Amino acid sequence: MINRECGVYKTTYEGDMALYPVPLARYSALAALAVLLLLPVALDSHAMALVNLITLAAIGAIGLNILVGFTGQVSLGQGAFMMVGSYTAAILTARYDVPFWLGLPFAGAVTAVVGMFFGIPSLRIKGLYLAIATLAAQFIIEWVINHSPWISGGAQSTIYIPTPSLFGWAINTEFRRYYMILPVAAIAYVAALNLVRSRVGRAFIAVRDRDIAAELIGVDVFKYKLLAFGISSFYAGVAGALWTYYLKIANYEHFTLATSVQYLAMIIIGGLGSVLGSVFGAVFITLLPIVLVYVVEGGASLFGFQYAAIADFLANLRLIIFGTLIILFLAIEPEGLYRLWGNVRRYFRLWPFSY
Amino acid sequence: MAFFADLVVNGLMIGAMYALVALGFVLIYKATSVVNFAQGELVMFGGYVAAALVTLYHVPLVVSVPVLLAAMIALGFGVERGVLRPLVGQNVISVVMVTIGLAQVFQGLAAMVWGAQTINIPLPIRLDPYQIWEVYISPINLVAAVISGMFLVGFAYFFRRSRMGIAMRAVANDQQASMAVGINVRLVFALSWAIAGLAAGIGGVVWGNMLGVDTHLALVGLKVFPAVILGGLDSIPGAVVGGLLIGAIESAAAGYIDPYVGGGTKDFFPYVLMIVALMIRPYGFFGREIIERV
């Protein structure tokens, strides 16, 4: 939030290491948390569904940003890793009656193992080659899941799961689902913030900025690359598992290459190497098609078109605008929404006495 | 044995198409070090333009082909000038992402302008296959292979003999040095996109004739990656060999493995091969070996 560190003296190590050292920042973080907790009071279930989608996307985006933004390993396999998490959760819950709060970390762990396996090529290759290798991961995982009846549940590769519940409460409305997703997202967010300022996070950044120099100062590059793949895939797995518990269905069509591209777009538009930026990106990319529908529907009804007539047009327009936005963002503001937010913050830091 | 020969020969024909598309890809990578994720969409665009001209507007083929080639060259120039030039010097992720964004725009535009239904490109080529020994070869595959072969030989000649071709190789080797000796690097960048567009356009016509033109045509772009990794990301002969190899291997793998797993081998086997290639020999058969120990 908006930092005005004037008059804040850090006199203890704890004070220096605090996540929000400035009181104003601490209060605004708490206020943001309160707003998030009270969101269901203000919104109807339709808007709540959107918030849920955004929160789910944010978890996946934070995970991908740890790998791409902080460690500099381009991955086009986020969709596939989410798919692994989704099916793991579905299998555990549908066949072994595992409750969702146990299924989540387990799905994350399984995905982390798979992710680390596909991270092994990063030992020898980097940059573009790695991007292409993770593209292969996307196709291979998709194919394996689709062609193993034991994993995919046979027909249409779809597994249905019963409504998840906690302490006898069935999580069956958008509001209750929000309270299932929000704590996970909050933990994911704070964990990522703390991770990237720890020893491990600094090692990630060193690997990203100059791997040879990182090796020279004693960072085990391969170990940290694998770790980044593991953590990122853990996030992806948890996000995928939450998708399953949210929709009560596991289906590979939710996690195709297009999904991977979307997540990559989120962190690029949000800001590479920024946890908050991933959230911005998730908000932006999730809301974009919905806002577009409203705008085009409004425009179309002005000219007397029916929705059915413009559905195709809308799908194509969405692709075009999505692509154009990515290109424009990269050309004009390569550091993304987080940079814009930072500009606002910097302006108000000394406001109104900027000089 | 005949079964195997049949699979391999037909795979090689498809592989010639892959080689042509891969050639455009490698060309762009060599000259501008951009990995073009929109190569498949360029192919799709070529297919759509051809289909629109021939089927929707009934333009005779003799006129359509030059118009198509001109359009593809213009598209290549346009993309380089409008989209890629502002990004010179950006990091790898950004450039990859821009080409992905470009791919999305193409997909949306093509479907919006020409509709989502499949359009056929009728070419005056006979349909029933030739039989040589026990191998069946369909004429369109043969024509595709011959066209690809002609283009590949043409490009090889262009790169060895022509002034511009040599300039392009120089830029691929070292941009600063070629600037210093007076090569117009920007022109080379634009030209490599134009040539990639040209190759994709040819690919689009032939591929579109075989499969019918719709947005799925762009999927060929994803097959390019195994081909170029196998051959070497920055090697033109590598693209050709890689394309042919991937075509033959995926066809053979599909023939033998498909009955046991219920199809889809073609969509995944090339990538397994690619992962193996990346682990053992990331620079491919002919790629320039960059030794870096980290």
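This is a predicted model: local features need pLDDT of at least 70, side-chain atom pairs count only at pLDDT 80 or more; totals for chains, interfaces and linings use all residues.
Let me start with a pair of helices: helix 13 (residues 275-302) of chain A packs against helix 15 (residues 336-349) of chain A at an angle of about 115 degrees, and their axes are 8 Å apart. Axes here are lines fitted to C-alpha atoms, for helices over the stretch in contact, with angles running from 0 to 180 degrees between N-to-C directions, while helices (H or I, at least four residues) and strands (E, at least two) are DSSP runs numbered from the N terminus. That angle makes helix 13 of chain A roughly perpendicular to helix 15 of chain A, a term that covers 65 to 115 degrees. From helix 13 of chain A the contact uses Leu276(A), Gly277(A), Phe280(A), Gly281(A) and Phe284(A), and from helix 15 of chain A it uses Gly336(A), Leu337(A), Tyr338(A) and Trp341(A); contact means that C-beta atoms, placed from the backbone, lie within 7 Å. By class, this contact has six nonpolar, three polar and no charged residues, where Ala, Val, Leu, Ile, Met, Phe, Trp, Tyr, Cys and Pro count as nonpolar, Asp, Glu, Lys and Arg as charged, and the others, Gly among them, as polar.

Residues are numbered from 1 along each chain as its sequence is written, and chains are lettered from A and ligands numbered from 1 in the order in which they are written.

Turning to chain A as a whole, its secondary structure comes to 15 helices and four strands. Along its principal axes, the C-alpha trace of chain A spans about 65 × 55 × 45 Å. Of the 355 residues of chain A, 45% count as buried, that is, with 20 or more other C-beta atoms within 10 Å of their own.

Gly7(A), in the segment before helix 1 (13-17) of chain A, counts as exposed (12 or fewer such neighbours) because it has 7 C-beta neighbours inside 10 Å.

Finally, the interface: 37 residues of chain B are in contact with 39 residues of chain A. Helix 4 (92-114), helix 9 (220-231) and helix 11 (265-280) of chain B each supply at least two residues of the side that touches chain A, and helix 4 of chain B gives the most, with 16 residues. By class, that side of chain B has 28 nonpolar, eight polar and one charged residues.

Note on methods: Two residues are in contact if their C-beta atoms, placed from the backbone, lie within 7 Å. Angles under 35 degrees count as roughly parallel, over 145 as roughly antiparallel, 65 to 115 as roughly perpendicular and the rest as oblique.
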